[in-house]
Amino acid sequence: MFRLMLQTPVTEDYPFKPITLPERFRGKLDIDPARCTGCQVCALVCPASVITMVDIGTRKVGDRVLQVKRPIFELSTCIFCGECVDNCAFKALEMTKQFELATPNKSDLTMRKAVSS
Amino acid sequence: MSEVFLQRVEGCAVDAHTKPTQLRERETLVEVEQQYVKQFVSKVWNDGISRRLSTITGLDLGERIGIIYHFWQNKDTLHVRTTVQKTSSTAVSIVDIIPGAILYEMEIHDLFGVTFVGNPWMDKKLLLPETWPDDLPPPLLKTSKSPEIRKRLKLEAE
Amino acid sequence: MKMSESKKSARREETAGLMEYSTENLVPFGPIHPALKEPEYFKLVLEGEKIVEVIPRIGYVHRGLEKAAEGRPWVQNMYMFERTCGICSFVHSLCYGQAVEELTMYKVPKRAKYIRLIIAELERIHSHLLWVGLMGHWAGFETLFMWVWQDREIVLDIVETISGNRVHKSMNAFCGVRRDMPENMEDHIVEKMKYLAGRARYYREIIDTEETMLERTQKVGKLSVDTVEKLCAVGPMARYVGIQNDVRLNDPYAAYDEVPFSIVTRNEGDVQGLLRLRLDELIVSTDLITYAVKHLPEGPIRVKIPPVIPAGEHSSRCEAPRGEIFYYVKSTGGRTPDRVKSRQPTLANLPAALEMLKGQTLADVPIVLTAIDPCFGCMDRMSFLDTETNKQWTWSGEQLRQYGIKHYFPNQSRNSPILKETHP
């Protein structure tokens with residue numbers, strides 16, 4: 001009983017001090033636009049329908065004209081499962097350690113990095 | 001152990017004029033008609049074949065509704081399947097043999113529209129709200145679609 | 001505020017009418033009550049302080065998961081069923097995964113089975129610690145609650161290091177697990193398990209000797225063996241009267257047939273027996289994890305399977321912290337299931353809980369209802385009853401929101417900028 005009184009308090013001082021997160025922590029999603037090829041696999045496997053593919057142009061392959069697509073992420077519905085990260089063959093997606101995602105504007109959570117660059 | 005179990009199930013199945021089929025190494029399925037269900041379940045429960053009822057599942061088989069009783073004992077599983085007609089259907093209740101089945105039967109009554117004769121709580125709703133419209137078909141049938149249910153229950157903004 | 005004479009007489013008439021109306025002592029318990037973690041409505045019929053009958057009404061958090069599962073691909077359903085419950089999330093995805101894996105011809109690698117066992121037992125320790133803390137809280141023993149929940153943080157930290165998240169682990173996949181155990185974690189886990197087992201023995205001593213706990217838990221919630229068997233109770237609710245009903249022993253799954261496992265049963269048949277049972281199970285879990293971590297076999301952790309599952313039907317069961325979880329899956333050979341049925345242990349334990357309440361006093365209700373370790377999951381709604389016309393109607397979440405906006409912003413039009421910013 002008395003040894004507990006002499007111990008340091010167990011409460012962490014977050015948010016006044018930074019908190020240490022483990023390495024595998026699953027936070028907000030991030031994409032590297034240079035690696036994305038628009039293969040659509042992430043959109044097909046997402047359980048929460050977060051990813052929509054939009055057309056950004058066309059390209060010619062031989063004498064065929066193909067659509068070029070890139071993903072838009074609606075992160076307010078993301079469940080942080082990591083299926084898209086595991087299935088991306090080009091390692092373009094990554095889960096960061098950012099977890100402070102509360103915002104009064106829902107449009108802050110739409111990630112258009114792959115489309116606008 | 002599995003051989004003994006199968007033999008005992010076969011013994012009960014003969015009285016119900018049916019035969020068990022083995023789905024997998026330790027899973028058996030018996031198709032029983034409605035009139036023999038109570039007798040079969042009573043034999044399984046009271047003769048010590050299985051004293052564990054997992055649950056009762058409702059199933060939409062297209063033209064009829066299936067009701068499956070899942071029993072298990074050690075590593076063996078027994079599925080007892082019976083079918084009833086799709087609309088305004090009645091089925092036999094096993095509540096006097098196994099009182100714990102009362103909530104499972106209430107759930108099938110709510111979600112598939114099957115009335116169990118002999119269940120004392122058939123007039124109460126378990127899962128559906130009191131204001132479920134009378135003309136709306138039960139939700140888990142294949143013909144009931146989620147958007148229509150949401151519209152009728154006013155779950156979307158006008 | 002002064003009421004006028006006419007208003008006062010009208011009010012007297014109203015209350016007189018209500019007093020004549022009720023003939024039996026009905027106390028409504030719920031749906032929103034401090035003792036319940038999730039909403040459920042119990043109508044308690046009382047004679048003085050003793051409970052005579054209990055009529056349940058569930059369906060307050062029903063989400064229609066079984067209907068929603070019929071239109072989604074197999075893998076997406078795994079994430080959806082994981083979110084049936086927070087505390088037993090891994091076991092739900094494990095049970096569903098096992099039911100579907102049997103329909104394919106692929107086998108689960110050995111290392112994956114051991115990792116599944118480790119995570120499932122960590123979840124069990126977490127759930128039992130949470131429950132012991134809650135029992136202390138409802139009995140009025142706040143210190144026990146605080147200390148137990150501090151130990152719970154150790155388990156959550158281990159889970160976060162392995163899987164990345166504290167509660168929804170998302171570790172399961174068809175025929176395997178998604179992530180391997182991190183390097184050099186073995187010593188850390190073994191040390192923490194030893195510490196937790198020591199704490200569990202200390203709490204065991206407390207519940208046996210502390211006067212508050214003894215008063216509130218001894219001889220409360222008694223049931224006989226025959227009643228429990230007939231009411232199909234599962235898990236600790238069957239084991240606390242002495243029935244040897246444990247899926248890990250009777251029908252082993254994952255790696256339970258290869259690790260030394262001993263079942264825990266008790267004979268007291270009251271809530272104190274439940275407390276002792278769950279703490280003993282906690283100690284058994286720490287031993288299981290220590291063994292599994294030291295004997296982890298080498299090899300792959302996952303076998304990738306195609307997205308189309310062959311036709312057939314299969315059922316599987318697992319031992320969740322609360323009892324037996326049962327999943328039945330039917331496939332017609334497509335990318336989406338035909339029927340998925342999941343039965344949670346709390347539904348099976350509910351008739352036994354109602355039986356336990358008969359004969360107890362009103363003050364025992366929170367203790368007994370928490371003793372079955374409830375985890376309800378059903379449909380959300382707000383219901384109105386007009387007593388004069390006996391008309392009932394409900395509001396949806398959207399209607400409730402619109403009502404709130406009109407109440408707090410009565411003079412704002414629907415297109416005003418403040419409403420657009422705060423209520424898009």
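Guide: Start with chain C. The centres of its domain 1 and domain 2, taken over C-alpha atoms, are separated by 41 Å. Keep in mind that this is a predicted model.

Visitor: Which residues belong to each domain of chain C?

Guide: Domain 1 covers 67-371. Domain 2 covers 385-424.

Visitor: Now the helices. At what angle do α4 and α5 of chain C cross?

Guide: Roughly 140 degrees. Helix α4(C) is residues 89-101, helix α5(C) is residues 110-139, and their axes come within 9 Å.

Visitor: Which residues meet there?

Guide: From α4(C), Phe90(C), Val91(C) and Leu94(C). They meet Arg116(C), Ile119(C), Ala120(C) and Glu123(C) of α5(C). By class, that contact has five nonpolar residues, two charged and no polar ones.

Visitor: I also clicked on Glu186(C). Which helix is that in?

Guide: Glu186(C) sits in helix α7 of chain C, residues 186-209.

Visitor: And why does Glu186(C) count as partly exposed?

Guide: Because it has 14 C-beta neighbours inside 10 Å. A residue needs 20 or more to be buried, and 12 or fewer to be exposed, so 14 falls in between.

Visitor: How far is Glu186(C) from Leu296(C) in space?

Guide: 10.0 Å, C-alpha to C-alpha. In sequence, Glu186(C) and Leu296(C) are 110 residues apart.

Visitor: Switching to chain B. How many helices and strands are there?

Guide: Four helices and seven strands. From the N terminus, chain B reads α-β-β-α-β-β-β-β-α-β-α.

Visitor: What does the C-alpha trace of chain B span?

Guide: About 60 × 30 × 25 Å along its principal axes. Chain B has 158 residues, and 34% of them count as buried. Take the contacts between residues at least 6 apart in sequence: 45% of these join residues at least 24 apart.

Visitor: What is the strand order in the five-stranded sheet?

Guide: β1-β2-β5-β4-β3 in chain B. The sheet is open, and its pairing is mixed. From one strand to the next, the twist averages 25 degrees.

Visitor: How do β3(B) and β4(B) run, parallel or antiparallel?

Guide: Antiparallel, with seven bridges joining them. β4(B) is residues 64-73. If you want a landmark, Thr57(B) stands opposite Ile68(B) in β4(B).

Visitor: Which helices lie across those strands?

Guide: Two to look at. Helix α1(B), residues 2-15, lies across β1(B), β2(B) and β5(B), and runs at about 5 degrees to β2(B). Helix α3(B), residues 102-112, lies across β3(B) and β4(B), at about 15 degrees to β3(B).

Visitor: On to chain A. What does its pLDDT average?

Guide: 86, with 91% of the residues at 70 or above.

Visitor: Which element of chain A has the lowest mean pLDDT?

Guide: Helix α1(A), residues 2-6, with a mean of 64. Strand β4(A), residues 93-95, has the highest, at 92. Where pLDDT is low, the predicted coordinates should not be read in detail.

Visitor: Last one. How many residues does the contact take from chain A and from chain C?

Guide: 13 residues from chain A and 13 residues from chain C. The chain A side that touches chain C has eight nonpolar residues, four charged and one polar.

Methods: Residues numbered from 1 in each chain as written. Chains lettered and ligands numbered in written order. Predicted model: local features only at pLDDT ≥ 70, side-chain atom pairs only at ≥ 80, totals over all residues. Contact = placed C-beta atoms within 7 Å. Nonpolar A, V, L, I, M, F, W, Y, C, P; charged D, E, K, R; others polar. Helix = DSSP H or I, 4+ residues; strand = E, 2+ residues; numbered from the N terminus. Axes fitted to C-alpha atoms, helices over the stretch in contact; angles between N-to-C directions. Domains from an automatic or database assignment. Pairing = 2+ DSSP bridges. pLDDT = per-residue confidence, 0-100.
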